[in-house]
Every structure is written in C-alpha cells, then in structure tokens.
Number of protein chains: 2
Amino acid sequence: MSDLLLRPVGTVSSPVARPEDAVRQGDEGAPDCWIVLDAAVVDAAAQIAAGDRMIVLTWLHAADRSVLQVHPRDDPGRPLCGVFSTRAQHRPNPIGLHTVEVLGLDGARLHVRGLEAIDGTPVLDLKPVLGPVEGR
Amino acid sequence: MSDLLLRPVGTVSSPVARPEDAVRQGDEGAPDCWIVLDAAVVDAAAQIAAGDRMIVLTWLHAADRSVLQVHPRDDPGRPLCGVFSTRAQHRPNPIGLHTVEVLGLDGARLHVRGLEAIDGTPVLDLKPVLGPVEGR
C-alpha cells in the first residue's frame, strides 16, 4: 500500500510543553489552549463559533510508531494489549482524537477547552460533533 | 509546516464500489463489510473481539483536498459552509471518522457494521470507544 501525505492545517499553542506534563493532567483535564490555523485554510473554519463542540484530529508527533502492544496505563503489572484496543499515543499512525469546546475565536486562532496535546502538536482536521459526545 | 506520512494499516473490503452508491445508502446505513488488516500490524488488534464498538479512521481517497467550503448535503440552495463545520469528505486532510460494531474476526479480517466507506478505502487507525457513542 502506498504512503499518504498529510498536510497539517494548524498547530496547538499550549502552556503544556512536555509530554510528561501532559500526562500529569490525568483526569483533571488539559488547560485551555489555542489552535492556530494555517492562513491557507481559514475559509474552512468560517462557521465555527464560540460554544461549538468539535472533534479535533491531531498528529501525536512524539509517539513511537513501531509500537503494536502496550501495558494499559503504562502499568507493567497489566498484560500487554494491542494498541488498537487502547488510546495509547504509540501506534502505527499516531492520530489523536479529541472532543473540545470552542471558547472563542480571534482571526485564525481558536481558543478551545479539552484538548490534551502538547505545544506544537500538528492539527490535521476539525469536524462537528453530530451526536451525543464521546467520553474524550 | 512539513508534511507527515501516513502508512495505511489495512483496507476496507465492501460490496460498495463507487462513491455514488455509498451516498445512496443515506440514513439507511452502510452494508456490513470487512477491514482487512496488514499482516504487519495484526498484533495491534490482538484484543479486539466480536461485540466491541470501535472508532475507525479511514483515508477518503476519492476526496478533493482543495475544497474549503461546501454546500451542506450537496444542496446548492444552502449557503456555502466551511468544511470544518461539516462531515463532507472534501477537506484538506480527508480523514473519515466512523463508529462501527465488530461482528466477528477471521485472522487479519474484521467483519464490521456501520462503516460507510467504499471498497478499497485505506484504514489508518482503530480506537476503542470510551464513552457514550457519537452519532456516526
């Protein structure tokens, strides 16, 4: 199968700079952050408004793509589990799936709540939430 | 921003061969189909079992990536809308997001319900559903 080329449409701007800090947030949720859209795709965001709930796809650039199985929650006491049955960042295509709330907009910048991703994470796509929202 | 390389982990095997036939399914849902995993990633699917509800990410290879705005539901009477506020396949990174039910497994093949994608669609990732399921 041939490779496919992603072109990021934006970048996460967050106070969380390191993966180990992101993990520490745990169930308390991520701090509010910004999605800075590429100028070339701003027209695709024309109808986004404060209060919208959206799905954000990111590229988890710190992930190890060779990993096929992990110990859930990084607990070596738990048996290895195929990554397709986990939300581990390490996986063949490390695409992050996040449900966020749009807090506001400022030109090509979207202020969002609920995006657990470190500063500089590439953003791949945004989609509207269509039904009852997934847990994370 | 530099480009990122996706490596498909599998392919959709479906009786639906053409995009126009997929569209016709409308709200009636897609026919059951198969996800044929690449032999190299089968270990990542080790814990998947019949009855699981999963999120499948696909690459909508028939999409036009230059499209930033569309008429919702292809209705020219409706005003143009930025693609990030729609589930249109046409978008800068045409990643499809599907919630499916696993009906059964046969080696590297997963039989699934609810995957609206034409035959040959590349599969990028599978993830467990963690909370109440999204509409589609």
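**Exercise 1. Describe the polar contacts and the make-up of the interface in this predicted model.**

Step 1. Between chain A and chain B, 24 residue pairs are in polar contact, with both partners at pLDDT 80 or more.

Step 2. Turning to the elements involved, strand S1 (4–6), S2, strand S4 (53–59), strand S6 (81–82), strand S7 (95–106) and strand S9 (122–128) of chain A each give two or more residues to the side of chain A that touches chain B. The largest share of that side, six residues, is supplied by S9(A).

Step 3. Sorted by class, the side of chain A that touches chain B holds 33 nonpolar, eleven polar and eleven charged residues.

**Exercise 2. Find how many salt bridges cross the interface of chain A and chain B, and examine one of them.**

Step 1. The rule finds two salt bridges across the interface of chain A and chain B.

Step 2. One salt bridge joins the side chains of Arg91(A) and Asp125(B), at 2.9 Å from N to O; this distance can be set against the cut-off, which asks for a nitrogen within 4 Å of a carboxyl oxygen.

**Exercise 3. Work out the extent of the interface and the relation between the two chains.**

Step 1. In chain A, 55 residues are in contact with 55 residues of chain B.

Step 2. The size of an interface is often expressed as the accessible area that is lost when the parts come together. Here chain A and chain B bury about 5,100 Å² between them, and 62% of this area lies on carbon and sulfur atoms.

Step 3. Chain A is superposed on chain B by a rotation of 180 degrees with 0.0 Å of shift along its axis, and the RMSD is 0.0 Å. That is the relation of a two-fold axis. The same surface serves both copies, since 100% of the contact residues of chain A recur in chain B.

**Exercise 4. Decide where in chain A the prediction calls for caution.**

Step 1. The mean pLDDT of chain A is 89, and 89% of its residues reach 70 or more, while the predictor gives the complex an ipTM of 0.90 and a pTM of 0.91.

Step 2. Within chain A, confidence is highest in strand S2 (residues 10–13), at a mean of 98, and lowest in helix H1 (residues 19–24), at 66.

Step 3. Where pLDDT is low, the predicted coordinates should not be read in detail.

Notes: Residues are numbered from 1 along each chain as its sequence is written. Chains are lettered from A and ligands numbered from 1 in the order in which they are written. Side-chain values use heavy atoms; hydrogens and water are left out. Copies are superposed by least squares on the C-alpha atoms of residues with pLDDT of at least 70 in both. Contact means heavy atoms within 4.5 Å. pLDDT is the predictor's confidence in each residue, from 0 to 100. Helices (H or I, at least four residues) and strands (E, at least two) are DSSP runs, numbered from the N terminus. Buried area is the accessible area (1.4 Å probe) that two parts lose on being put together, summed over both. A polar contact is a pair of N or O atoms within 3.5 Å; within protein, one must be able to donate a hydrogen and the other to accept it, and residues adjacent in sequence count only if both atoms are side-chain atoms. Ala, Val, Leu, Ile, Met, Phe, Trp, Tyr, Cys and Pro count as nonpolar, Asp, Glu, Lys and Arg as charged, and the others, Gly among them, as polar.
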